[in-house]
Amino acid sequence: MNTQQNQHPAVQAAVAYAALTAAHEVGDYIVQRDADAKAKGKHGPAGAAACARHVGSYTATQALALYAADRYLRLGLSWRRAAAGLALSAVTHYVADRCAGHWADDSKDAPFLVRAAHAAGKTGWLTGDPGAGPLLDQAWHKGCIALAAVVVSGQGR
């Protein structure tokens, strides 16, 4: 990343959040293959592979956006911190996307995040509103992107 000028961590975090969030939208809706979107929540190796492919292209999209922001705005981001933030975004994205198609499932066999949402009292919403799962998915992603942006913005701390 560009180390010519070091910006304040708050500026770095704000720009990183904007870049990562914009790239999230592109990676989740434009870059993602239709076949992977349909299969990423399925049980077994095929679902896991589809999710991994999606997260790979998603993370590459975020990395490109973060690199462009760093280069053109001279943020002075650390490659190590950027890689750590991107890894956090990738892992949390994978965990959430494995829940695709399972949000209304309140059984003990549901993915962890689904079980957590039901335990938090979201069962009525998740079982009664077909849009609830995708909204929780996106809320999870945006919260995790915020954490990733904070990781990206640190300066060796």
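Predicted model: local features only at pLDDT ≥ 70, side-chain atom pairs only at ≥ 80, totals over all residues.

Me: Let's start at the N-terminal end of H4: which residue caps it?
Reply: Serine 78 does, with a side-chain oxygen 3.2 Å from the backbone nitrogen of arginine 80. A polar contact here is a pair of N or O atoms within 3.5 Å, where within protein one must be able to donate a hydrogen and the other to accept it, and residues adjacent in sequence count only if both atoms are side-chain atoms. Helices are DSSP runs (H or I, at least four residues), numbered from the N terminus.

Me: What span should H4 have, and what does it have?
Reply: At 1.5 Å a residue, its 19 residues should span 27 Å, and the end C-alpha atoms are 26 Å apart, which agrees. The expected span is 1.5 Å times one less than the number of residues.

Me: How does H5 do on that test?
Reply: H5 (residues 112–128) has 17 residues, but its end C-alpha atoms are only 20 Å apart, short of the 24 Å that a straight helix would reach. H5 also has a kink of about 115°, centred on lysine 122, where the bend is the angle between axes fitted to the seven residues ending there and the seven starting there.

Me: Which side chains does aspartate 97 have around it?
Reply: Its side chain is joined to that of histidine 54 by a polar contact of 3.1 Å, and to that of histidine 141 by another of 3.1 Å. Leaving aside neighbours within four places in sequence, the residues in contact with aspartate 97 (heavy atoms within 4.5 Å) include Asp28, Lys40 and Asp137.

Me: Switching topic, how many aromatic pairs are there?
Reply: The structure holds 1 aromatic pair. The ring centres of tyrosine 67 and tryptophan 79 are 6.4 Å apart and the planes are at 25°, so the pair is stacked. Rings of Phe, Tyr and Trp (its six-membered ring) pair if their centres lie within 6.5 Å, and planes under 30 degrees apart count as stacked, over 60 as edge-to-face and the rest as tilted.

Me: Where do the two partners sit in the chain?
Reply: Tyrosine 67 is in helix H3 (residues 45–73) and tryptophan 79 is in helix H4, 12 residues apart. Tyrosine 67 counts as partly exposed at 35% relative accessibility, whereas tryptophan 79 is exposed at 52%.

Me: What about the largest nonpolar core?
Reply: That core has 15 residues, and those with the most contacts inside it include Ala16, Leu66, Ala69 and Val152. H1, H3, H4 and H6 each supply at least two of its residues. Apart from it lies another core of 10 residues, among them Cys99, Ala110, Val114 and Leu126. A nonpolar core is a set of buried Ala, Val, Leu, Ile, Met, Phe, Trp, Tyr and Cys residues joined through side-chain atoms within 4.5 Å.

Methods: Residues numbered from 1 in each chain as written. Heavy atoms only, no water. Buried < 20%, exposed > 50% of the residue type's maximum accessible area, 1.4 Å probe, protein only.
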